[in-house]
Amino acid sequence: MIQFHNVSKEYQRSGRALAEVTFRLHKGEFAFLTGPSGAGKSTILRLAYFEEWPTSGEVRVSDLSSKEIRTRSAVAKLRRKLGIVFQDFRLLDDRSAEANVAFALEVIGTRRDQITPRVNRALSQVGLAAKLKAYPRELSGGEQQRVAIARALVNDPVVLIADEPTGNLDERATRGVFQLLRDINTAGTAVLMATHDLELVRSTDYRTIELDHGRIVYDSAESRPPAAGRLGELT
Amino acid sequence: MRIAFRDALFAVRKAPLLSVLSVMTIAFSLFAFALFGLVAINIKRALEGVEERVEIRAFVTDGTPMEELANATAEIARYGEVQTAKIVTQAEALARARKELGEFSDVFEEGVLPASIDIHLKPGARDPRTVGAVAARVRTIPFVDDVRYGEEWITQLHRLRNIAGVTGIALGLAFAVVAVIIIGATIRMTVLARSKEISIMRLVGATDGFIRSPFLIEGFAKGIVGGLFALILTWIAAAVLEHYLHFRAFFFEDRLVLFGLAGGALIGLMGSGYAVGRHLRRI
């Protein structure tokens, strides 16, 4: 599904962001990316949706390799198979919830008669069937994030990439959004979620990949206990 | 395409002030260019009017048989550079001189002025070199006594025409470049105003072509509307000039009007294409 093989990423100004990162997210898997700010979580996600390319190593997503995929149109096609969710929701403020979700279908040329039923289904899935016509400013943070998730889901992605999706939400909204992500995963979609929220991480037995200074310092899939000062101590 | 049109319309409705601003910027930039064009066209027309007076007059020896004169005139009329060649008899020359000189008309007596062949050249053949070449050729005709064509005057006129032409092209290009830069900057503002939308389009898998299309439609439409406004403003300016300066100003021919509108549309289209393309390369 998503595979990082010895991936390093260096920026001209800020230096190294990732160092020889290797991991694989399997089909239908749920994995957290954790670690302090600047650890490289968002860099991994940006590499996973080909917003950036590794300085060395290889990223493979749904059988497409960073070594082969170069054109923007190829990236666009790949992103149609991914769902991407951000901390700041990234909704269009001047469009209703329905229009925001439909937008994701329109831009990829989905037939008109298919758009409405798919939008309704996605919004129902996230529990917002009653707020189709609401504008983002009329929705709470949690609801806005649900709209963003509906937009990410409407194309039936193979993997959902979520960058701190609960970062702007209160505890109750966080639980709701996280439960939604779990449901999505249960339905078969792989989820790669970056988060600071260690309580959330501890509350499940999902795979956890912990980063520090651009390196993977702990991966629960490898059954190594967290190193001192890592996940365990941070809690 | 339907979505591109809808999004273009949506963008205009979403930011009407910005849309009006960009249309007005296009309109005033094209208006400045069109005003300059109007002045240039009127200067060109005025110079063409003066140029029409360029004439070669070949005076012939007294007593030249009319048949020979007619043959030579027909021969001259066949020159590629010549528009008309006409015999002016001694009597006609006298009548013309008397008419042109008015109160001094009785200075001339019959038989004083020689007959001549008056030659008008085609447009484009009125430069000093061509006029001189035709005059030299006419001079070789045996019964032609003298050939006059106001060599110095034609040279000055040609120089003036060249200066006007070069200045016109240079200023025209400068106006066009300034117009394109201003229009480009305005369109860039509309692109930046929608940068969030563009980045979301990218995230959900829109191709660059899809992202570009509403901007291109918007730019094209704004260019046409701006061009129309510029045309109306120019027409008003020409009418005002005519009214206050009391001269008959030439307005653009229909094909130039169409060319201007197409130019506006093209600037809008290319400006949008460039601005959104540049933005897409950066994000």
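User: How many helices and strands are there in chain A?

Analyst: Chain A of this predicted model has eight helices and ten strands. Chain B has nine helices and four strands. Read from the N terminus, the elements of chain B follow the order α-α-β-α-β-α-β-α-β-α-α-α-α.

User: What share of the residues of chain A counts as buried?

Analyst: A residue is called buried when its relative accessible area is under 20%. In chain A, 54% of the 235 residues are buried. In chain B, which has 283 residues, the buried share is 41%.

User: How much accessible surface does chain A have, and what part of it belongs to carbon and sulfur atoms?

Analyst: The accessible surface of chain A is about 10,700 Å², and carbon and sulfur atoms account for 44% of it. For chain B the figure is about 15,900 Å², with 66% belonging to carbon and sulfur atoms.

User: Let us turn to the two chains together. How is the size of an interface expressed?

Analyst: An interface is often sized by the accessible area that is lost when the parts come together. Here, about 2,000 Å² is buried between chain A and chain B, and carbon and sulfur atoms give 57% of that area. Within chain A, the residues losing the most area to chain B are A:Arg72, A:Glu106 and A:Val107, which together make up 29% of what that side buries. The contact involves 22 residues from chain A and 21 residues from chain B.

User: Which polar and charged interactions join chain A and chain B?

Analyst: The general idea is that side chains of opposite charge can pair when their charged atoms come close. Between chain A and chain B there are three salt bridges. In one of the structure's salt bridges, the side chain of A:Arg72 meets that of B:Asp208, with an N to O distance of 2.4 Å. Five residue pairs are in polar contact between chain A and chain B, both residues having pLDDT 80 or more.

User: Which elements of chain A supply residues to the side that touches chain B, and of what kinds are those residues?

Analyst: Helix 2 (72–79), strand 6 (82–86) and helix 3 (97–106) of chain A each supply at least two residues to that side. By kind, the residues on the side of chain A that touches chain B are ten nonpolar, one polar and eleven charged.

User: How many salt bridges are found over all chains, and how should I read an individual one?

Analyst: The whole structure holds 27 salt bridges over all chains. A:Glu143 and A:Lys131 form a salt bridge whose closest N and O atoms are 2.7 Å apart. This pair links distant parts of the chain, with A:Glu143 in helix 5 (residues 141–153) and A:Lys131 in the loop between helix 4 (112–125) and helix 5 of chain A, twelve residues apart. A:Glu143 counts as buried because its relative accessibility is 18%, whereas A:Lys131, at 32%, is partly exposed.

User: Is A:Arg111 buried or exposed, and with which residue does its side chain meet in a salt bridge?

Analyst: The side chain of A:Arg111 meets that of A:Asp113 in a salt bridge, at 2.7 Å from N to O. A:Arg111 has a relative accessibility of 52%, so it counts as exposed.

User: What example can be given from chain B, and which residues do shared partners join into one network?

Analyst: In chain B, the side chains of B:Glu55 and B:Arg57 meet in a salt bridge with an N to O distance of 3.0 Å. B:Glu55 is partly exposed at 21% relative accessibility, and B:Arg57 is partly exposed at 23%. Salt bridges with shared partners connect A:Asp94, A:Arg95, B:Arg194, B:Glu197, B:Glu218 and B:Lys222 in one network.

User: Finally, what should I look for in the backbone angle phi?

Analyst: Most residues other than glycine have a negative phi. A:Phe50, which is not a glycine, has a positive phi of about 55°. A:Phe50 lies in the loop between helix 1 (41–48) and strand 4 (56–61) of chain A, and it is buried because its relative accessible area is 2%. A:Arg90 also has a positive phi, near 55°. A:Arg90 is located in the loop between strand 6 and helix 3 of chain A, and it counts as partly exposed at 28% relative accessibility.

Note on methods
Residues numbered from 1 in each chain as written. Chains lettered and ligands numbered in written order. Predicted model: local features only at pLDDT ≥ 70, side-chain atom pairs only at ≥ 80, totals over all residues. Heavy atoms only, no water. Contact = heavy atoms within 4.5 Å. Buried area = accessible area lost by both parts, 1.4 Å probe. Salt bridge = Lys/Arg side-chain N within 4 Å of Asp/Glu carboxyl O. Polar contact = N/O pair within 3.5 Å; in protein donor to acceptor, adjacent residues only side chain to side chain. Nonpolar A, V, L, I, M, F, W, Y, C, P; charged D, E, K, R; others polar. Buried < 20%, exposed > 50% of the residue type's maximum accessible area, 1.4 Å probe, protein only. Areas by Shrake-Rupley, 256 points an atom, 1.4 Å probe, with all protein chains shown as cover.
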